[in-house]
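Hello,

Here is the structure we talked about, with some notes on what turned up in it.

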Amino acid sequence: MLTKKQIRFCLDKMGEMFPEAKCELTHSNPFELLIAVVLSAQCTDALVNKVTKDLFQKYKTPEDYLAVSLEELQNDIKRIGLYRNKSKNIRKLCEILVEQYDGQVPDEHEKLVNLPGVGRKTANVVVSVAFNKPAIAVDTHVERVSKRLGFCRWKDSVLEVEKTLMRKIPEDEWGDTHHRMIFFGRYHCKAQSPQCEICPLLEVCREGQKRMRKREKEITNSNQS
């Protein structure tokens, strides 16, 4: 596990690497962000943005999604994985927004997680990005980076990772750190081929050091054979 000083080092380095890190889902208001994040489950942001380019021209409000048939909505997002289930959830959450919140997206985490298709990660993204409230959304990139670097333990659940990060990172840095960790994991510390050999965090990353020793051993064995 990293020390407080090492965590500070990691946060600063990721800030230097990705100073402009931000949400890559295209949106112009909290409602569009909510829909985009729901669609992004087990799907890339790039594909979601391709689909929402036309989707957000057709559907502007929760009422718009309720004005068409389920089949029509499914057809509009069928390029996205799990589109049938996501279509049902979008219609259900739109019904709740209209009936309980006058068509507006609530800015409270507790209310957001009660919407169909909205989990802790989605709610955290919305409150942080749309409403500028402190939150850390733990997606696959944040979880991987946190565990590889030693912010938390390998066996920790997603919720435990979130709580650990909230405890170890200053609250006013939660939003920026969330985006920087995503960029770090998406473009540098990738799942299959992390760039350990050029990583500025290698000196504090036991996982990276282990990988580098393994590579060096493989090269040595290859040269001797």
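To begin with one cysteine: C205 is buried, with a relative accessible area of 10% (buried means under 20% relative accessible area, exposed over 50%, partly exposed in between; 1.4 Å probe, protein chains only). C189 is likewise buried, with a relative accessible area of 10%.

A search of the whole structure finds zero disulfides, a disulfide being a pair of cysteine sulfur atoms within 2.5 Å. For C189, the nearest cysteine sulfur is that of C196, 6.4 Å away. For C205, the nearest is also that of C196, at 6.4 Å.

This is a predicted model, in which local features need pLDDT of at least 70 and side-chain atom pairs count only at pLDDT 80 or more, while totals for chains, interfaces and linings use all residues. Residues are numbered from 1 along each chain as its sequence is written, and side-chain values use heavy atoms, with hydrogens and water left out.

F18 lies in the loop between α1 (4–17) and α2 (30–39); helices (H or I, at least four residues) and strands (E, at least two) are DSSP runs, numbered from the N terminus. F18 is buried, at 15% relative accessible area. Beyond its neighbours within four places in sequence, F18 contacts R180, F183, F184, Y187 and H188 (heavy atoms within 4.5 Å). The C-alpha atoms of F18 and F183 are 7.0 Å apart, although 165 residues separate them along the chain.

The unreviewed UniProt entry annotates residues 39–187 as "domain: HhH-GPD"; UniProt positions are given in the numbering used here, feature names are shortened, and annotations may be inferred rather than shown by experiment. That stretch is 64% helix and 0% strand, with its end C-alpha atoms 21 Å apart.

Regards
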